[in-house]
Amino acid sequence: MPLGSEVVAALNAQPIPEVPMAVTATPSAIDRWFEISARGSTVGREVRGGLATFFTMAYIVVLNPLIIGTQADATGRFLGGGDGPNLAAVAAGTALVAGVVTLLMGFVANYPLALATGLGLNAFLAFGVAKLPEMTWADAMGLVVIEGLVILVLVLTGLREAVFRAVPAPLKTAISVGIGLFITIVGLVDAGFVRSGSGTPLELGIGGFLAGWPTLVFVVGLVLMIVLMARGVRGAILGGIVAATVLALVVEAVAHLGPRTGADGSVVNPRAWGLNVPALPDAWISAPDFSTLGHFSLLGSFRAVGWVTVVLLVFTLLLADFFDTMGTVVAIGAEGDLLDENGNPPRMRRILVVDSIAAAAGGAGGVSSNTSFIESATGVGEGARTGLASVVTGLAFLLTTFLAPVVSIVPYEAATPALVVVGFLMMTQVKGIDWTDLEIAIPAFLTIVLMPFTYSISAGIGAGFVAFVILKLARGRARKVHPVMWVVAALFVVYFAIDPIKQLLGVS
């Protein structure tokens, strides 16, 4: 018998010692569905993140009715078809649609992204569409449905995803950084920490000085979040919002400041609260009024203003919605370390499908186009990495249809410190841009600075795309530009020149 065989026989004759088996916990169904452990998160983090996102964007339930619910259309009618504003119905519809589409984002796309009525788009509808001659609110909402369906077709045909993948990774990074600065200035302005100056576009507080108890609430909330983050405390952002809200309730109970603006929108007390006055409600639960649902006319706008105007209006809505979403999705993914090596998020087509459905759903719900909210970065900053956070946010919005008085407790000044903190987190990505390469550095710079300076994510993205193509062309490297980038840059040129084009075509 060979020596090797003897050794094997001797080993086989020895008793095999029992080795205790390590017990591995089986992931729960929720963990497996949302890939919570796989993405390095926990259920607790997802819940905290979902709530943090909700509290930083819950203002839309209050603000959207003030923008679209207070404006009559060209026929003198208000949303819902009444002779006067019905803010409760607009608020309930806003919360309902936001809740449903955010739940879809969580379950279908498994992405920590919340959706609600898009600011800017709702103002465009209220002042630029609904007031056109013979246009009704139903016609205006029909345009939103058309826009959402067009975007959905672009997604299903792969065109929207192709645009997403054609954008160079450094420009995607610039989009994230620019959005970080954008939400920072949104937070500072909404809190009244930064305001329009008498001799300057912006200034610190009032006359260059911080003034008013609401500003103190903002500062305390911001400092608390920063300190908690520096000490590694979990739930720092959400904890800061709650603590600042409690302080705001105490301040209002003692000082009785009231709102900053009067019923007509004019400033009556610059040292008062910016949007809603923090106070414990008389009733915590109220029955929702969903009378705005279904208040749209798909083809009524063609009769009212003609097909040329309809095409231009849909194009304007589409381009703004299209690229706002792209920037937001990239920024959220970058903050949560969810992007691949090319800067693309997982399940991108599903994300874009849900976002497209949300746009149409906003019109069908009579509350304007719903789109992805950059405030979702607040939840990601709390550790959210999966769609479970979106489910939590969506459920919170659905509860808000009954608990609208509770949402009104949280003032701007208590929620907006979170935007500043998240803006800092997103700004740290700027190191990923090669500032020595002018072909990337200049477009990246324009993308970053124009978002906050124009108060428009789309304007920053458009300027960066156009500059990128121009610089490649100027340096004889046009062949290195993806064909899709040429098309998109050309569309942005049309977007920026939309007013002269309207004048050329004789469209008012």
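These are worked exercises on the predicted model shown above. The structure is a predicted model: local features need pLDDT of at least 70, side-chain atom pairs count only at pLDDT 80 or more, and totals for chains, interfaces and linings use all residues. Residues are numbered from 1 along each chain as its sequence is written, and side-chain values use heavy atoms, with hydrogens and water left out.

**Exercise 1. Work out the overall build of the protein chain.**

Step 1: Start with secondary structure. The protein chain has 23 helices and 4 strands; these are DSSP runs numbered from the N terminus, with helices being H or I of at least four residues and strands being E of at least two.

Step 2: Check the radius of gyration, which is taken over C-alpha atoms. The globule rule is 2.2 Å times the number of residues to the power 0.38. For 508 residues the rule gives 23 Å, and the protein chain comes out close to that at 25 Å, so it is as compact as a globular protein of that length.

Step 3: Along the principal axes, the C-alpha atoms fill roughly 105 × 65 × 45 Å.

Step 4: Look at burial. Of the 508 residues, 54% count as buried; buried means under 20% relative accessible area, exposed over 50%, and partly exposed in between, using a 1.4 Å probe and protein chains only.

Step 5: Look at contacts, meaning heavy atoms within 4.5 Å. Among contacts with a separation of 6 or more, 80% come from residues 24 or more positions apart.

**Exercise 2. Describe the surface and the charges.**

Step 1: The accessible surface of the protein chain is about 21700 Å², and 68% of it belongs to carbon and sulfur atoms. Accessible areas come from the Shrake-Rupley method with a 1.4 Å probe.

Step 2: Now the charges. There are 26 positive and 31 negative ones, and their mean positions are 6 Å apart. Lys and Arg count as positive, Asp and Glu as negative, while His and the chain ends are not counted. Each charge is placed at NZ of Lys, CZ of Arg, CG of Asp or CD of Glu.

**Exercise 3. Classify two aromatic pairs and find out what they link.**

Step 1: A pair of aromatic rings is described by the distance of the centres and the angle of the planes. Rings of Phe, Tyr and Trp (its six-membered ring) pair if their centres lie within 6.5 Å; planes under 30 degrees apart count as stacked, over 60 as edge-to-face and the rest as tilted. The whole structure holds 7 aromatic pairs.

Step 2: Take Phe-34 and Phe-107. Their ring centres are 5.9 Å apart and the planes sit at 40°, so this pair is tilted. The pair links distant parts of the chain, with Phe-34 in helix α2 (residues 29–34) and Phe-107 in helix α5 (residues 87–109), 73 residues apart. Phe-34 is buried at 5% relative accessible area, whereas Phe-107 is partly exposed at 41%.

Step 3: Take Phe-182 and Tyr-455. Here the centres are 5.7 Å apart and the planes are at 65°, so the pair is edge-to-face. Phe-182 belongs to helix α9 (residues 169–190) and Tyr-455 to the loop between α20 (438–454) and α21 (457–474), 273 residues apart. Phe-182 is buried, at 13%, and Tyr-455 is partly exposed, at 40%.

Step 4: Look for a cluster. Ring pairs link Phe-54, Phe-55 and Phe-397 into one.
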